[in-house]
Amino acid sequence: ALVPLIIGCVIAYIVNLIMNMYERIYFPKSQKKIAIKTRRPVCLILALLSLAAVITLIVIIVIPQLTSCINLLIFETLPKAINDVVVALEDLAIIPEDTMKNLAQNDWGALISDNMSMLTNGVTGIFDLVVKVVTSVAGGFVTAFVSVMFSVYLLLSKETLASHAKAFLKKVMSPSLYYKTKYVLRVADETFHGYIVGQCTEALILGVLCALGMWILGMPYYAMIGALIAFTSLVPIAGAYIGGIIGAFMVFTVDPIQALIFVVFLVVLQQIEGNLIYPRVVGGSIGLPAIWVLVAVAVGG
């Protein structure tokens, strides 16, 4: 029951960073009643739209290209590769001639297509599967809706809620404990704020450098893979591997040698980013010298 509320708090914290930026732009010094009353709702709507636009843009760029690459690999590249292997085995004369003749006569594209159809059409218990999927999707929509509504409520009333929280803490804590708690929460807020801003900046730099490097090396899908690398780099630890594997797979559908070059290029780029760019950008955002961020990343990792 608490999951939507916890997710709502996380959404509110992230959206608040964007909303604060808009509030600094939206008539910040105006004392007019209309400007004061509309500042929060307008900036909140702009922040939510900005976040939704970024996610939609990434989905529109990445998903169609990824789908076409999977189709290309399964129905064109894979059958051709199998035929090349059969020809190579025939030249080497490792397998008996009658077996080779049977292998060579197979239409591998049609076989793969038929097997894919069997997998999709021959699933037992299809009704149960559909019910589970529908229930899961419906539950996900309900959780997402409640989370977003809760985050909107938090952002619209954040000053009031903050004053209520202060009053509550003052009642249940001694003065010294209250001020220590307030100090810790303030430092945590400033640090997380700086970290998120720095992480997003660093992800943008990494995505641009990746796309630029791929363009210079003449690789396909450079803009889309750059956007994908930037997005997945926001995921701690596993993000770099996810982006790298998907990117290499997409390049592989065009040229396997270039896919290998892409992997080497990405590893080198991530080493430069992790040891040079990341400590400077994120360290500057959270107020730590780059050397201590490098030590924290190395030891903590």
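The lining of the largest pocket divides into 27 nonpolar, 7 polar and 1 charged residues. The structure described here is a predicted model. The largest pocket holds about 1200 Å³ of space. A total of 35 residues line this pocket, and those closest to its centre are Ile14, Leu51, Val54, Cys200 and Leu234. Helices H1, H2, H7 and H8 each contribute at least two residues to the lining. The largest share comes from H7, which supplies 12 residues.

The chain as a whole contains 11 helices and 0 strands. Its pattern along the sequence is accordingly written α-α-α-α-α-α-α-α-α-α-α. Of the 301 residues in the chain, 27% are buried. Among contacts between residues at least 6 apart in sequence, 66% join residues at least 24 apart.

One example of a pairing across the sequence involves helix H1, which spans residues 3–25 and includes Ile11. Ile11 and Phe150 are 139 residues apart along the chain, and their C-alpha atoms are separated by 9.1 Å. When residues up to four places away in sequence are not counted, Ile11 touches Ser147, Val148 and Ser151. The relative accessibility of Ile11 is 23%, and this residue therefore counts as partly exposed, the range for that class lying between the 20% limit for buried and the 50% limit for exposed residues.

Backbone geometry was examined next. Most residues other than glycine have a negative phi. Phe27 has a phi near 40°, a positive value in a residue other than glycine. Phe27 is placed in the loop between H1 and helix H2, the latter covering residues 33–92. With a relative accessibility of 52%, Phe27 counts as exposed, because the class begins over 50%. A positive phi is also found at Tyr221, where the value is near 60° and the residue is again other than glycine. Tyr221 lies in the loop that separates helix H7 (175–216) from helix H8 (222–232). At 23% relative accessibility, Tyr221 counts as partly exposed.

The aromatic side chains give a count of 2 aromatic pairs. In one of them, Tyr26 and Phe27 are edge-to-face, at 5.1 Å centre to centre and with 70° between the planes.

Notes
Residues are numbered from 1 along each chain as its sequence is written. This is a predicted model: local features need pLDDT of at least 70, side-chain atom pairs count only at pLDDT 80 or more; totals for chains, interfaces and linings use all residues. Side-chain values use heavy atoms; hydrogens and water are left out. Helices (H or I, at least four residues) and strands (E, at least two) are DSSP runs, numbered from the N terminus. Buried means under 20% relative accessible area, exposed over 50%, partly exposed in between (1.4 Å probe, protein chains only). Contact means heavy atoms within 4.5 Å. Rings of Phe, Tyr and Trp (its six-membered ring) pair if their centres lie within 6.5 Å; planes under 30 degrees apart count as stacked, over 60 as edge-to-face and the rest as tilted. On a 1 Å grid over the protein atoms alone, a cavity is a set of points where a 1.4 Å probe fits but cannot get out, and a pocket is an open set with protein on both sides within 12 Å along at least five of seven lines; lining residues have an atom within 4 Å of a point. Grid points are joined across faces, edges and corners, and a volume is the space filled by probe spheres set on the points. Ala, Val, Leu, Ile, Met, Phe, Trp, Tyr, Cys and Pro count as nonpolar, Asp, Glu, Lys and Arg as charged, and the others, Gly among them, as polar.
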